[in-house]
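Trainee: Please take me through one part of this model in close-up. I would like to look at aromatic rings and their partners.

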Amino acid sequence: MDVLVEAHAINAYAYCPRRCYYEYVEGVFYHNVYTIHGKLLHEHVDRFGKEQRGERQLHRSLHLRSEKLGLSVRCDVIEEADGMIYPVEYKRGSQSGWENNHLQLCAQGMALEERIGKAVPFGYLFYYGSFRREKVALDEELREQTRQTIEAIRNLYGQEQPPAGIDDGHRCSKCSMVDYCLPQERGRLKGRVPWERFI
């Protein structure tokens, strides 16, 4: 287990394996309006510290590492309330139920369990777009999906070429890597030129 997988890479892989390859294997990343907006919204939770909100104690911007999973995690917030401790991941949009967010949160929960030696059965996703929280059960099915995604990302580091993209026009149009990936252009050239394997 040589490669330490970052929790955010899990989110990127579930969105599109090709994007994950560019960002984490090639080390290439470009911003767009969505990523800049998210970065600005994260300014508070990215500031290390703790605060008390009613009965809840919040610890911001904590880094954890899981030796079992080969995982490096930065948690937006670790919250303590009613004798429970759990991660809270902040997201830019409204509640969407996207699998990639659930997998990233689950990775945080599993790394937190290893750190504190206590079960973390749930976490929360907070959406800036709606100012609502979604409680996510970190059940065995989600944990297994998370473990499989971590392994799939680790395997990317042994590949010389990026994996296929998702060919989803809606997702590609929102991806900050679209001008680097050129999914439509690759689609039009597919099978027409012998050098397509190089792009």
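Mentor: Start at Tyr128. This is a predicted model, and in it Tyr128 has a relative accessible area of 15%. The cut-off for buried is under 20%, so Tyr128 counts as buried.

Now look at its neighbours. Ring pairs join Tyr128 with Tyr90, Phe126 and Phe131 in a cluster. The count of aromatic pairs comes to ten.

Take Tyr90 and Phe126. Their ring centres are 4.9 Å apart. Their planes meet at 45°, so this pair is tilted. Follow the chain between them. Tyr90 belongs to strand β5 (residues 84–91), and Phe126 to strand β6 (residues 122–127). They are 36 residues apart, so the pair links distant parts of the chain. Both residues are buried: Tyr90 has 9% relative accessibility, and Phe126 has 12%.

Tyr90 also pairs with Tyr128. Here the ring centres are 5.6 Å apart. The planes stand at 50°, so this pair is tilted too. Tyr90 is in strand β5, while Tyr128 is in the loop between β6 and β7 (132–137). The pair therefore ties together parts that are 38 residues apart in sequence.

Rings can also have a charge over them. Find Phe122: the charged end of Lys135 sits over its ring, 4.3 Å from the centre. Then find Trp98. Over its ring sits the charged end of Arg171, 4.9 Å from the centre.

Go back to the cluster to finish. Trace Tyr90, Phe126, Tyr128 and Phe131, linked by their ring pairs.

Methods:
Residues numbered from 1 in each chain as written. Predicted model: local features only at pLDDT ≥ 70, side-chain atom pairs only at ≥ 80, totals over all residues. Heavy atoms only, no water. Phe/Tyr/Trp six-rings, centres within 6.5 Å; stacked < 30°, edge-to-face > 60°. Helix = DSSP H or I, 4+ residues; strand = E, 2+ residues; numbered from the N terminus. Buried < 20%, exposed > 50% of the residue type's maximum accessible area, 1.4 Å probe, protein only. Lys NZ or Arg CZ within 6 Å of the ring centre and 35° of its normal.
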